[in-house]
Amino acid sequence: MRTKQELSEAVRRDRRAALVVNAHSRRGRRLYRTVHSRLVAAGFTLLGAYPVDRPGELDRVLAEAADLGPDLLVVGGGDGTIGTAARLLAHRDIALGLLPLGTTNNFARSVNVPLDLDAAVEVLTAGKVIDVDLGLVGDMRFTNHVGIGFSADIMRKAPRRLKRVTGRLAYPMTALGLLARHRPLRVTVRAQAREHEFVTHQVYVANGGFHAGRPITADANADDRLLVAYPVGGPTRRGLLRATAGNAAAGHRRTLRDEPFLAVHQVWVETDRPALIEVDGEPYGETPVRIGLDPNALRVMAPADSPDR
């Protein structure tokens, strides 16, 4: 496998790429032609270009694009699309190029890729290849987070018809209906020979530095060899709402040394009853669960001044 510097030079010199855009969303469908034309105008030779209209075809299309042998696989979409591409490209000699077309774009924020489309294309032409960590839950890699409790209940129970009609609004609407009867969990987190217990409605274990489009802390990122485990609020529903708002407002002022954050390499999470799990917004399974890291697993095209460990 080439070094990161060699791959960076190949991308800048040869401009051999493949393009996959999640066109199932309105934004992806609207921007596909724009993205295609801007990449060609930037000098890229597109070995293949694929608008994906059906979510069930994304894995197959990404694999087909990677099999063309590009130096750069450019993927346009939200965090779910990017996460699928990241799992495919882990430990491969292909760089992932990000075109953030989602709502929160947590992974793009974590690796400093700008959300403006022209600026993101500029990163593909003038940036460099860095390698970042992926999380591991079981044998499944993830880019952003594992959610245990309330968020997973929302993902599992949001009605399909409501999602088709209202899009992402289906999730807060479902949350309002679930919150009144949601029971807190007694959670045990074991990490680095220590045990932590708390009662809460929600636990996150994050790999990157952002959640819901907001910083988790000022110093968390996707290239620090650390997971960040933290409960959101205590046993009351009001505490869950207050902590959710507080995290969104104050994350950029907090550090990994502050409570309630646990910066660890691996965690084992148990709950007093089986609790649902979601991974980057997709249903996964139930507790208990072990969550770890796959260090430097993914090569990503990032701004030229990006730090790289």
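1. In this predicted model, contacts within the protein chain between residues at least 6 apart in sequence are made up, to 72%, of pairs that are at least 24 apart. The chain holds 10 helices and 18 strands. Its radius of gyration is 19 Å, close to the 19 Å that the globule rule gives for 309 residues, so the chain is as compact as a globular protein of that length. Along the principal axes, the C-alpha trace spans about 55 × 45 × 35 Å.

2. On burial and surface, 53% of the 309 residues in the protein chain are buried. The accessible surface of the chain comes to about 14300 Å², and 50% of that surface belongs to carbon and sulfur atoms.

3. Helix H1, which covers residues 4–14, has Leu-7, Ser-8, Ala-10 and Val-11 as buried residues. Seen down the helix axis, the buried residues of H1 fall within an arc of 160°, so they line one face of the helix. Gln-5 and Arg-13, by contrast, are exposed on the other side of H1. The cover over the buried residues of H1 includes helix H6 (117–126) together with the strands E3 (72–77), E4 (95–100), E5 (128–137) and E18 (289–302).

4. Most residues other than glycine have a negative phi. Arg-15 has a relative accessible area of 18%, which is under the 20% limit, and therefore counts as buried.

5. A second residue of this kind is Asn-105, which is not a glycine and has a positive phi near 50°. Asn-105 is found in the loop between E4 and H5, and at 5% relative accessibility it counts as buried.

6. Helix H5 itself runs over residues 106–110 and contains Ser-110. With a relative accessibility of 10%, Ser-110 counts as buried. Which residues does Ser-110 contact, leaving aside its neighbours within four places in sequence? The contacts of Ser-110 are with Gly-208, Gly-209, Phe-210 and Ala-222.

7. Asp-116, in the loop between H5 and H6, is partly exposed, with a relative accessible area of 47%. Asp-116 and Asn-144 are 28 residues apart in sequence, and their C-alpha atoms are 21 Å apart in space.

8. Glu-259 and Pro-260 are joined by a cis peptide bond, for which omega is about 5°, and Pro-260 is found in the loop between helix H10 (237–250) and strand E14 (262–264). The peptide bond from Thr-287 to Pro-288 is also cis, with omega near 5°. Pro-288 has its place in the loop between strand E17 (282–286) and E18, and E18 is one of the strands that cover the buried residues of H1. Most peptide bonds are trans.

Definitions and conventions: Residues are numbered from 1 along each chain as its sequence is written. This is a predicted model: local features need pLDDT of at least 70, side-chain atom pairs count only at pLDDT 80 or more; totals for chains, interfaces and linings use all residues. Side-chain values use heavy atoms; hydrogens and water are left out. Helices (H or I, at least four residues) and strands (E, at least two) are DSSP runs, numbered from the N terminus. The radius of gyration is taken over C-alpha atoms; the globule rule is 2.2 Å times the number of residues to the power 0.38. Buried means under 20% relative accessible area, exposed over 50%, partly exposed in between (1.4 Å probe, protein chains only). Contact means heavy atoms within 4.5 Å. Accessible areas come from the Shrake-Rupley method with a 1.4 Å probe; for residues, only the protein chains shown count as cover. The arc is that of the directions from the helix axis to the C-beta atoms.
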